[in-house]
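Colleague: Hi! Could you walk me through this one? I have some quick questions.

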Amino acid sequence: MPEFAAAFAFDVRAYVYLAISLGSALLSVIALTHCAVQKPDAFNAVGTLSKGAWLGILAVSLGLSLLFGLTSPGSGLIFTLVAIAAALVYLLDVRTGFKDLHGGGSSY
């Protein structure tokens, strides 16, 4: 019976890592798409990195999510967490700055 429980725990952990990796990739795609449709001047107005820098950071974040997260979910967890952090910084800081810049409206 203990052998079954250990195998079950490894299966559950693998599915949790896979869910985190897929969530990270989705978050990176959302952030990358939002960044791609913004005007370059808006980044200067918000006072953050340039559009090219953010596109590079978010593209690397998506690459890390897909490469390490989906191919080796357990061992690449640190890279997946770095990708989540990069996407969240963009979405929670820069995107919020765009909303403030455009008067809080959802269409811009």
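This is a predicted model: local features need pLDDT of at least 70, side-chain atom pairs count only at pLDDT 80 or more; totals for chains, interfaces and linings use all residues.

Colleague: Where does Trp54 sit, and is it buried or exposed?

Modeller: Trp54 is in helix H3. With a relative accessible area of 6%, Trp54 is buried, since the cut-off for that is under 20%.

Colleague: Let me zoom out for a moment. How many helices and strands are there in the chain?

Modeller: The chain has 4 helices and 0 strands. Reading from the N terminus, the elements go α-α-α-α.

Colleague: And what percentage of the residues is buried?

Modeller: Of the 108 residues in the chain, 26% are buried. The accessible surface comes to about 6,500 Å², and carbon and sulfur atoms account for 71% of that.

Colleague: What share of the contacts with a separation of 6 or more comes from residues 24 or more positions apart?

Modeller: That share is 68%.

Colleague: Back to the inside, then. Which residues make up the largest nonpolar core?

Modeller: That core has 11 residues: Ala31, Cys35, Ala42, Phe43, Trp54, Leu58, Ala87, Tyr90, Leu91, Val94 and Phe98. H1, H2, H3 and H4 each supply at least two of its residues.

Colleague: Which helix gives the largest share of this core?

Modeller: H4 does, with 5 residues. As background, nonpolar side chains in soluble globular proteins tend to be buried together.

Colleague: Tell me about H4 itself. What is its reach from the first C-alpha to the last?

Modeller: H4 covers residues 77–101, 25 residues in total, and reaches 35 Å, close to the 36 Å expected at 1.5 Å a residue. Its buried residues are Thr80, Ala83, Ala86, Ala87, Tyr90, Leu91, Val94, Gly97 and Phe98.

Colleague: What follows H4?

Modeller: Gly103 follows H4, and the phi of Gly103 is positive, near 80°.

Colleague: New topic: aromatics. How many aromatic pairs are there?

Modeller: The count is 3. In one of them, the ring centres of Phe43 and Phe98 are 5.0 Å apart and the planes stand at 90°, so that pair is edge-to-face. Phe43 is in helix H2 (residues 40–46) and Phe98 is in H4, so this pair links distant parts of the chain, 55 residues apart.

Colleague: What does Phe43 touch, beyond residues up to four places away?

Modeller: Phe43 touches Cys35, Gln38, Thr48, Leu49, Ser50, Lys51, Trp54, Tyr90, Val94 and Phe98.

Colleague: Now H3. Which of its residues are buried?

Modeller: Those are Lys51, Trp54, Leu58, Ser61, Leu62, Leu64, Ser65 and Gly69. They are on the same side of H3, because they cover an arc of only 160° around the axis. On the other side of H3, Gly52, Val60 and Thr71 are exposed.

Colleague: How about Leu70, buried or partly exposed?

Modeller: Leu70, found in H3, counts as partly exposed because its relative accessibility is 33%. Leaving aside neighbours within four places, Leu70 is in contact with Leu18, Ser21, Leu22 and Ser65.

Colleague: Last one: Ser24. Where is that residue, and what does it touch?

Modeller: Ser24 lies in H1, which spans residues 2–37. Residues up to four places away aside, Ser24 touches Ser65, Thr80, Ala83 and Ile84. Ser24 counts as buried because its relative accessibility is 0%.

Methods:
Residues are numbered from 1 along each chain as its sequence is written. Side-chain values use heavy atoms; hydrogens and water are left out. The expected span of a helix is 1.5 Å times one less than its number of residues. Buried means under 20% relative accessible area, exposed over 50%, partly exposed in between (1.4 Å probe, protein chains only). Contact means heavy atoms within 4.5 Å. Rings of Phe, Tyr and Trp (its six-membered ring) pair if their centres lie within 6.5 Å; planes under 30 degrees apart count as stacked, over 60 as edge-to-face and the rest as tilted. A nonpolar core is a set of buried Ala, Val, Leu, Ile, Met, Phe, Trp, Tyr and Cys residues joined through side-chain atoms within 4.5 Å. Accessible areas come from the Shrake-Rupley method with a 1.4 Å probe; for residues, only the protein chains shown count as cover. The arc is that of the directions from the helix axis to the C-beta atoms.
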